[in-house]
Amino acid sequence: MAEQHEHTHDHDHDHDHEAESAEQAPVKVIGEEPDLSKGTARPITVVGNPVLHRECKIVTAFDEELSALIDDMFVSMYAAAGVGLAANQIGVDAKVFVYDCPDDNNVRHIGHIINPVLEDLPVDRRTLDDGNEGCLSVPTAYAELPRPDFAAVTGQDKDGNPIRVEGTGFFARCLQHETDHLNGYLYIDRLSKRDRKDALRQMAEGTASYATVPND
Ligand SMILES: [Zn+2]
């Protein structure tokens, strides 16, 4: 997922409060910063690339190759200034995502999850948050997309141990966005026809600030 976007051009929504909170220093970190010396940045796949539009394969081998993939994913995510990245965004057909994402309480969440499954929300947590969303695979586009402000995913860590990750606010949005990726969906697939078209127009008019994989 792309960083929160400060609206400097004419998309008529007011997100100034979000931009301000994102600029405050994080007060707490949950997770460990990755060792970036181990990975290599890879170019990002964009909307239209088939790997983004089908469900990724379940990971069954918790080996060196998986560790190396996670290293590359962190480096690729940071190179593109993202806050979350799914494996198919670097062209790998495997259910893995990484994140380094703030929530709305200035807690910074860092980690990875394999084979994530989004939990059904308890009735008392089904509050929708009207946030702004962007995606490294839809470069330079942003759109308003309501999502539940709480999310929990269960899956495994790189060693195969069961884990559960939960979050609120912008991090909850990230967990949903990245799980969607691994199921073959982009956030623009959840927009109205009109908003989707507008996002694709923004992408066509913009230039990504990072390396992308050209579509045929
Ligand atoms: Zn994305």
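Predicted model: local features only at pLDDT ≥ 70, side-chain atom pairs only at ≥ 80, totals over all residues.
Now, back into the helix itself. α3 has 14 residues and spans 21 Å from its first C-alpha to its last, which is close to the 20 Å expected at 1.5 Å a residue. The helix is mostly covered, with 13 of its 14 residues buried.

Which residue carries the "active site" annotation in UniProt? According to that unreviewed entry, the answer is Glu 178, and this residue sits in α3, which runs over residues 169–182. Is Glu 178 buried or exposed? We call Glu 178 buried because 26 other C-beta atoms lie within 10 Å, and the cut-off for buried is 20 or more. Setting aside residues up to four places away in sequence, Glu 178 touches Met 1, Gly 84, Ala 86, Phe 97 and Tyr 99.

One of those partners, Phe 97, takes us to the next topic. The largest nonpolar core has 49 residues, and Phe 97 is among those with the most contacts inside it, along with Met 73, Ala 87, Val 96, Val 98 and Cys 174. Several elements each supply at least two residues of this core, including α3, β3 (84–86) and β4 (96–102). The largest share, eight residues, comes from α2.

Let me finish with Ala 87. Leaving out neighbours within four places in sequence, Ala 87 is in contact with Cys 56, Leu 69, Met 73, Val 92, Ala 94, Val 96 and Phe 97. Thanks, everyone!

Definitions and conventions: Residues numbered from 1 in each chain as written. UniProt positions renumbered as here; feature names shortened; annotations may be inferred. Helix = DSSP H or I, 4+ residues; strand = E, 2+ residues; numbered from the N terminus. Buried ≥ 20, exposed ≤ 12 C-beta atoms within 10 Å, placed from the backbone. Contact = placed C-beta atoms within 7 Å. Expected span 1.5 Å × (residues − 1). Core = buried A, V, L, I, M, F, W, Y, C linked by C-beta atoms within 7 Å.
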